[in-house]
Amino acid sequence: MDLARPVTTTATRGRLRSDAARLGLMAVPVAFFAVFFAYPVVAIVLRGLRGEDGVWRLAEAARTLARPEVRDVLWFTLWQALASTALTLVIALPAAYVFARLRFPGRELLRAVVTVPFVLPTVVAGAAFLAVIGRGGLFDELWGVRLDGTVWAILLAHVFVNFAVVVRTVGGLWAQLDPGQEEAARMLGASRFAAWRTVTLPALGPAIAAAALMIFLFTFTSFGIVQVLGGPGVSTLETEIYRRTADLLDLTTAAVLSLVQFAAVGGVLAVHAWTVRRREATLRLVDPATTARPPRGAGQWLLIAGVLLVTAVLIVLPPAVLVQRSFSAGLGYYRALTEEDGGAFLAAPVEAVGNSLEYALAATAIAVVIGGLAAAALARRDAGRWVRGFDALLMLPLGVSAVTVGFGFLIALDEPPLDLRATWILVPLAQALVGVPFVVRTMLPVLRAVDHRLREAAAVLGASPWRVWREVDLPMVRRALLIAAGFAFAVSLGEFGATVFIARPDNPTLPVAVAKLIGRPGDLNYGQAMALSVILMVVCAVALLVLERLRGDRTGEF
């Protein structure tokens, strides 16, 4: 009598139930992305490639790429993204080393400070730099220097926003590398630089590549910063898609540019996924608490001083000047936010604060449910290629034109049974698309760290997949779930590209209100934009500080 057979059969049935449960978990995220991402994007692209008369305009679309103004936009988008990525790496890599390997007073506070810009809405980042280098800004008053309307303003603002990507991604890995390997190379006669070049740099290569790819992705699709700081002759793919769609109704050109952006983003995400898998598979990591040491020698103290100076000028100065400008008339600009002006808003601008909080909370709930289900489905490391393809699909909203998604909502979701144009849920749905990738990337590493044998033991004992999740996974990922919700809330609060199309004039969000006020002439409108930007910045900063308190173990990939 084979006593092992019933156990094997039970284990096999448990594994089959687990596979079926994973497919069931994937069904909801797949349906969500199909209806609220793929369908609107395809609808708006097809509207541009095929006219209302049903005739395809493929020849006209092909000629679009040959037009000089379109080639100029493509070239500027590419080179400013490459320049932004290179500049960010050069400026932020020394800071990544300082945070990873040197222990000094205020290090954790400084790490939180440099992370604030990453969760700030890009419109606020643009407003902060406008207060420093724009008309009537700090540099204009002191030295008569203005950079708004130039590519330098865009590059500096991109470094400001993406500085934390390098510190988090590269610095987080650097802190976990065993310093003993580099010390062994030095004992064998290698210089400090040679030991770093031959031992540490190859180990950091995948992390540097991953950070560079993410920065390139964010800057390639930049909208809010270019919209606020760029001049009439400065246009990226994203802003040109917006101009062609909203101002000129040239849907054919917008569709072609969207397809070009989609292809570029798909390639970047594929390379990024490869670098992440390579980083996970090849490195042996140690506890980061054991690798940081007090500074030794004047050189390391000088490096810390340099990082502090860069942080003060690039990271702290723009928000500080933004706050100062918002109070330049006392509380007058803040009081003006409570008054209806009958101009760009059908309600007092301050109502945008409540609108944004309500929308962001609803978007967070949607993103946590969709992203949590997706992360649970992707948690097993033995997932096939089709599951990894689903993982890449979840990242697409970070790179696909938000303008295309927003206008696609208006085009596609206007007929039963999905007639949502007049409903409030449209804005949270668009914001949730951006929040889901952050939820997945935060929860997935934690779920994969759960010992799969615990799940298998529970399944063998007869627990249902829901009970396995409740009893095994949930207690271990509760903190990661809270962190994911915080990230989803922050990015939903600052979403601008899609929301600018679908937010109603009587219910604007904070980023939309800031952009409209900046675009209107007059000192009062400019001051109100600064005041609203400060309010939005404070809300995002508070959310980040809460996240920092929760993520003492640096959980997740962000």
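This is a predicted model: local features need pLDDT of at least 70, side-chain atom pairs count only at pLDDT 80 or more; totals for chains, interfaces and linings use all residues.
**Exercise 1. Describe the make-up of the protein chain, starting with its helices and strands.**

Step 1: The chain holds 23 helices and 2 strands; these are DSSP runs (helices H or I, at least four residues; strands E, at least two), numbered from the N terminus.

Step 2: Of its 558 residues, 53% are buried (under 20% relative accessible area, with exposed over 50% and partly exposed in between; 1.4 Å probe, protein chains only).

Step 3: Now look at contacts (heavy atoms within 4.5 Å). Among those with a separation of 6 or more, 80% are between residues 24 or more positions apart.

**Exercise 2. Find which residues of helix α8 are buried, and what covers them.**

Step 1: Helix α8 spans residues 179-187, and Pro-179, Glu-182 and Ala-185 are buried in it.

Step 2: Look down the axis of α8: its buried residues fall within an arc of 120°, so they line one face of the helix. The arc is taken from the directions from the helix axis to the C-beta atoms.

Step 3: The cover over these residues includes α3 (68-101) and α9 (192-220).

Step 4: Move on just past α8, where Gly-189 has a positive phi of about 110°.

**Exercise 3. Locate the cavities of 30 Å³ or more and describe their linings.**

Step 1: Searching the whole structure gives 2 such cavities. On a 1 Å grid over the protein atoms alone, a cavity is a set of points where a 1.4 Å probe fits but cannot get out, and lining residues have an atom within 4 Å of a point. Points are joined across faces, edges and corners, and the volume is the space filled by probe spheres set on them.

Step 2: The largest cavity has a volume of about 690 Å³. Its lining has 34 residues, and Thr-122, Phe-218, Leu-398, Val-434 and Gly-494 are the closest to its centre. Helix α18 gives the most, with 4 residues.

Step 3: The second largest cavity has a volume of about 70 Å³. Here α12 gives the most to the lining, again with 4 residues; residues lining this cavity include Ile-44, Leu-251 and Phe-407.

Definitions and conventions:
Residues are numbered from 1 along each chain as its sequence is written. Side-chain values use heavy atoms; hydrogens and water are left out. On a 1 Å grid over the protein atoms alone, a cavity is a set of points where a 1.4 Å probe fits but cannot get out, and a pocket is an open set with protein on both sides within 12 Å along at least five of seven lines; lining residues have an atom within 4 Å of a point.
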